[in-house]
Amino acid sequence: SIYLAESVIKNQTKKLKIELPVEEITTDAIQFIQSNLKAHKGGSILKLSIKDAAQDIQVDLMTRDKGFEMNGELIEYLAKQANWNVAVEMN
C-alpha cells in the first residue's frame with residue numbers, strides 16, 4: 001500500500017546525497033530545501049556536493065545534529081531536477 005511505502009521511505013532513509021552544478025543553486029532551490037528540512041525533522045542525513053566544473057572545484061556540505069525525514073514533497077521536487085544526481089542510502 002501507499003502508506004507502507006511512505007513509512008518505509010521515512011524510516012529507512014539513512015542518507016540523501018545530492019550532487020549539483022553550482023549554476024543550479026537558485027534562491028528557489030535554497031528556500032525549498034531549507035523549508036522542507038525544517039518542516040520534516042528526523043534522523044536522516046543530507047549531503048550536498050556542489051560542483052563548479054569550470055574551476056574544477058567541489059564543496060561538500062552535510063547536516064550534523066539536525067537531520068530530516070524523507071517525504072513525498074522532497075521526492076517530487078528532486079525528481080524534477082534534471083541536472084542533479086540524487087542517491088539515497090538506506091538503513
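Helices (H or I, at least four residues) and strands (E, at least two) are DSSP runs, numbered from the N terminus.

One housekeeping note: this is a predicted model, where local features need pLDDT of at least 70 and side-chain atom pairs count only at pLDDT 80 or more, while totals for chains, interfaces and linings use all residues. Residues are numbered from 1 along each chain as its sequence is written, and side-chain values use heavy atoms, with hydrogens and water left out.

Back to helix 2, whose buried residues are A29, F32, I33, N36 and L37. Seen down the helix axis, these residues fall within an arc of 115 degrees, so they line one face; the arc is taken over the directions from the helix axis to the C-beta atoms. They pack against strand 2 (41-42), strand 3, strand 5 (67-68) and helix 3, where contact means heavy atoms within 4.5 Å.

At the start of helix 3, a side-chain oxygen of N71 reaches to within 3.3 Å of the backbone nitrogen of E73.

Now for the core. A nonpolar core is a set of buried Ala, Val, Leu, Ile, Met, Phe, Trp, Tyr and Cys residues joined through side-chain atoms within 4.5 Å. The largest one here has 16 residues, and L16, I18, L46, F68, L74, L78 and W84 touch the most other members. Strand 1 (13-21), helix 2 (27-39), strand 3 and helix 3 (72-79) each supply at least two residues, with the largest share, four residues, coming from helix 2. Leaving aside neighbours within four places in sequence, I18 is in contact with L46, K47, L48, S49, L78, W84 and N85.

That brings us to S49, which sits in strand 3 (residues 45-52) and counts as buried at 6% relative accessibility. Its side chain makes a polar contact with the side chain of D60 (2.7 Å). Such a contact is a pair of N or O atoms within 3.5 Å; within protein, one must be able to donate a hydrogen and the other to accept it, and residues adjacent in sequence count only if both atoms are side-chain atoms. K51, also found in strand 3, is partly exposed at 33%. The C-alpha atoms of K51 and L20 are separated by 6.2 Å, though the two are 31 residues apart along the chain.

Finally, confidence: pLDDT is the predictor's confidence in each residue, from 0 to 100. The chain averages 91; helix 1 (residues 2-12) has the lowest mean among the elements (69), and strand 3 the highest (97).

Note on methods
Buried < 20%, exposed > 50% of the residue type's maximum accessible area, 1.4 Å probe, protein only.
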